[in-house]
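Please look over the model shown here. A short report on selected features comes after it.

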Amino acid sequence: LYSSADFGRKWQLVHDHVTPNRFYWSVSGLDKEPDLIHMEAHTPDGNVQYVTCRAQTCTEPNRNYPFPGYIDISSLVVQDDYIFIQVATSGRAAYYVSYKREAFIQIKLPKYSLPKDLHIVSTDEKQVFAAVQEWNQNDTYNLYLSDTRGIYFTLAMENVKTTRGIGGNQMLDLYEVGGIKGMLIANKKQDNQVKTYITYNKGQDWRLLQAPAADLDGNDIHCILPFCSLHLQLQMSENPYLSGTISTKSSAPGIIVTTGNIGAELSYNNVGMFISSDAGNSWRQIFEEEHNVWFLDKGGALVAVKQPSVPTRHLWISFDEGRQWTQHSFSLVPLFVDGVLVEAGAENQIMTFFGHFSHRSEWQLIKIDYKSIFSRKCTEEDYQTWHLHNQGEPCVMGQKQIYMKRRPGNYCMLGKDYSRILSAESCICRAHDFECDYGYERRGDGNCRPAFWFNPSTVSRSCSQGQNYFNSTGYRKVVLNNCTKGVKEMYTARKQQCLNRSPKGLTLTSKDNKLTANLGNNVTFLVHLDEGDSLQTNIQLDFGDGTAVSYSNLSWTEEGIKHVYKSAGIFRVTVLAENTLGYDTTTLFLHVTCPVEHVQLLAPFVVIRNKEVNITAVVLPSHSRTVTYFWWLGNNTEPVITIEGSISYTFSTEGMHTITVQVSAANTILQDTKTIAVREFFKSLLLSFSPNLDEFNPDIPEWRQDVGRVIKKALLQVSDFPEEQILVAVFPGVPTAAELFLLPHKNQSQAKTKSEEELEQVSDILVSALNQNLVEFELKPGARVIVYNTQLTLAPLVDSNPRHNSSAMLMLLSVVFLGLAVFLIYKFKRKIPWINIYAEVNQEKEQEMIGSVGQGDSTPKITLSEFSTSKELMEKEMDARVKRGVGNACESTREIPNCTSV
């Protein structure tokens with residue numbers, strides 16, 4: 001959005017990312033600065049805010065944010081005394097209004113209107129007309145009227161018809177008659193019929209329109225209410241230079257020119273042009289075809305031209321409110337009239353026609369000076385009085401109004417000082433001068449009764465003992481109604497004394513109406529009490545994290561109660577309102593989250609088919625019940641969703657399987673992926689490396705994958721084992737360690753015995769090469785790394801079927817003796833200094849190595865319980881990144897025999 005202070009010579013940026021058509025100039029008398037701009041601007045993170053600033057100094061320090069929080073896009077409306085915004089919470093739209101630039105207050109519609117859409121119709125009569133599409137409506141809207149402050153809305157008419165415009169916008173079939181306050185015309189849909197209704201008191205009473213008594217030829221029209229009436233088309237023209245289907249002018253009160261039809265319902269067939277000279281009480285037909293009609297000389301004359309779809313050379317002018325028309329030619333060639341400019345200047349009596357002769361021709365402009373058709377200026381003798389009435393009732397909007405207007409047929413020009421209202425005398429107040437108050441509905445007997453959802457005995461919490469409040473009678477006076485005395489005292493709210501009451505209707509919300517908050521940010525809690533003396537009620541708020549606050553009365557909490565949570569989790573926030581007469585309590589569960597910074601998927605590299613395997617996702621920083629995990633396992637197209645960081649799964653087919661986990665927390669999603677080999681059986685060896693490898697280990701997944709490929713290439717040089725049957729997995733952390741997997745050929749699972757023998761032979765070859773330091777690779781020039789055989793897994797051959805033989809029994813006995821040896825070492829380790837060093841280092845190293853799982857039940861194996869938990873694993877890994885010195889301490893362990901490490 002740009003502004004210019006020198007008629008467009010130079011332009012200055014006001015604000016970027018402003019919503020189109022959602023910026024407004026200041027309103028005189030309300031905004032302090034004449035160059036203030038109201039606008040709807042987008043933040044870098046995609047939210048929308050209501051911003052105000054001065055046009056030439058709209059830098060960040062000079063910007064104001066009148067509404068505390070984000071708003072919905074394209075919802076800002078600045079109109080007269082009011083500012084409106086919309087905020088979506090929990091799938092529902094909440095609407096807020098600021099009256100005369102005061103603080104925003106939520107609009108109160110009937111409780112179960114549940115609006116899908118809301119449009120501000122007008123704000124120019126000291127109240128708000130709003131069209132609301134409720135949850136059960138599709139092509140109709142309900143018309144609501146507010147109090148003066150625009151907060152409390154009551155129903156004026158149900159099921160007002162809408163029409164879709166050329167641009168696809170929904171246009172409400174509602175028309176405010178110019179020059180007469182409180183007068184509206186609307187098309188209402190009822191029983192699948194659309195009928196036209198008129199009101200003279202802002203929707204308090206509606207009635208059908210009486211059809212003309214005769215047609216253009218003077219023939220009688222037999223149209224009896226309520227079975228037959230006049231129905232009007234109320235669409236405003238989307239072309240600003242055409243009059244539309246209905247037209248009035250504030251300087252010509254009482255004159256209504258419109259397109260319509262006579263019958264049981266509104267129809268777009270057999271339409272004609274109709275006029276009323278007495279504000280809709282009686283009607284006359286003026287044309288059988290549709291015309292555009294404009295007011296000349298402040299309404300002193302009418303000019304009519306056929307619709308643009310028909311070319312014409314003529315226009316018609318009337319000086320007697322449409323009773324007689326004179327034809328004038330304005331062009332030698334028929335013109336498609338696309339628009340007319342009338343009264344462009346106060347002293348300029350020129351009418352400009354523009355259009356085209358054919359669809360291929362250029363634009364044509366024709367100017368008509370109509371000043372010569374007036375013989376003189378009007379004098380007092382040329383005017384007459386006209387009494388506004390509603391079917392003979394002289395009191396309209398609480399007063400008798402007498403207008404002055406020019407006598408029909410006088411060819412005189414109206415003066416600039418033409419006065420429209422001659423006098424207005426207040427009337428005695430009667431029932432139709434009052435509408436139902438908020439929370440009340442008009443019943444069949446005409447009386448206003450409380451709606452089922454409204455408790456009329458509810459007293460504002462701001463009403464303290466000893467003070468007074470106004471108790472509604474169920475009625476409120478129609479805004480701008482000027483009646484006096486009569487039933488005014490009976491229907492006006494009565495002053496009553498406030499009594500102390502027990503707390504009721506206690507609610508607790510966050511300021512932004514959300515159940516989530518970011519760790520470390522201020523959370524503002526709002527406490528609301530429907531009933532109870534706010535000055536006599538104690539408030540206690542427990543934040544759920546071990547801290548609580550207490551206030552002697554509710555007034556201290558009006559600005560909200562702020563709190564900062566120092567840890568993530570789900571907190572039970574409880575508020576208690578208590579006074580001498582009772583108490584009320586309510587609870588809110590708040591999710592405090594922080595963005596996920598790192599996720600690591602921990603899973604075995606090789607597993608046995610049809611054996612359950614545990615898969616874990618480790619998240620940093622650690623969260624408590626505020627993270628959602630999405631698991632894609634095997635070939636599943638839909639994820640498994642959990643709130644726990646681990647899951648069990650069984651792979652039923654051999655091959656390479658990809659598993660993926662996505663972690664979601666606080667608008668952040670991170671992902672990690674692993675590939676798992678699934679086989680009937682396999683063999684594995686643990687590998688270690690010369691210490692210089694740790695110096696080049698950045699401990700990131702990409703590095704481990706690349707080094708794994710280099711190690712695999714080095715192993716293939718000392719063995720002719722097929723490349724696709726060797727898998728090398730480098731573990732996270734330092735000291736650097738890896739595991740070598742020897743896999744059977746995928747087509748040899750049936751010939752298991754032969755495959756097992758092949759794996760044993762290859763294993764012997766590789767172990768021999770590793771023990772002789774024959775396996776090495778060059779990481780970079782001058783840096784050669786030797787690969788060692790750290791230990792042989794306790795289960796030389798991992799099988800999914802039970803199998804007992806002498807080798808297994810021998811291995812079992814070895815494990816027993818090994819257990820005794822470990823026990824003796826543990827028992828007397830204080831006497832062996834180097835054992836202490838190795839045990840400490842080796843434990844840290846083993847925490848990084850999760851090998852195969854799912855071994856046969858009958859074969860000796862290393863269980864997962866011997867390894868650290870996933871959380872400990874991640875903590876060790878993070879420590880290892882900063883404690884690179886640990887790798888140096890491990891150097892001495894490489895001389896320890898393999899049997900000792902086992």
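## Basis

This is a predicted model: local features need pLDDT of at least 70, side-chain atom pairs count only at pLDDT 80 or more, and totals for chains, interfaces and linings use all residues. Residues are numbered from 1 along each chain as its sequence is written, and side-chain values use heavy atoms, with hydrogens and water left out.

## Nonpolar cores

The largest nonpolar core holds 29 residues. Such a core is a set of buried Ala, Val, Leu, Ile, Met, Phe, Trp, Tyr and Cys residues joined through side-chain atoms within 4.5 Å. Buried means under 20% relative accessible area, exposed over 50%, partly exposed in between (1.4 Å probe, protein chains only). Phe-67, Phe-84 and Ile-85 have the most contacts inside this core. Among the strands that each supply at least two of its residues are strand 7 (82–89) and strand 8 (92–99). Strands are DSSP runs (E, at least two residues), numbered from the N terminus.

A second, separate core has 27 residues, including Trp-703 and Leu-766.

## Salt bridges

The count comes to 17 salt bridges. Each is a side-chain nitrogen of Lys or Arg within 4 Å of a carboxyl oxygen of Asp or Glu. Arg-101 forms one with Asp-31, with the closest N and O atoms 2.9 Å apart. The two residues are 70 residues apart and link distant parts of the chain. Arg-101 is partly exposed at 22% relative accessibility; Asp-31 is buried at 13%.

Glu-680 forms a salt bridge with Arg-609, the closest N and O atoms being 2.2 Å apart. Glu-680 lies in the loop between strand 58 and strand 59, and Arg-609 in the loop between strand 52 and strand 53, so the pair ties together parts 71 residues apart in sequence. Glu-321, Arg-323 and Lys-405 are linked in a network of salt bridges.

Three strands form an open antiparallel sheet in the order 28-29-30. Strands pair if DSSP finds at least two bridges between them. Strand 28 (336–342) and strand 30 (364–369) stand at the edges with a single partner each, so one side of each has no neighbour in the sheet. Strand 29 (residues 350–356) pairs with strand 30 over six bridges. Met-351 stands opposite Ile-368 in strand 30.

## Around Ala-156

Ala-156 sits in strand 13 (residues 153–164). Ala-156 counts as buried, at 11% relative accessibility. Leaving aside neighbours within four places in sequence, Ala-156 is in contact (heavy atoms within 4.5 Å) with residues including Leu-143, Lys-202 and Trp-206.

Definitions and conventions: Helices (H or I, at least four residues) and strands (E, at least two) are DSSP runs, numbered from the N terminus.
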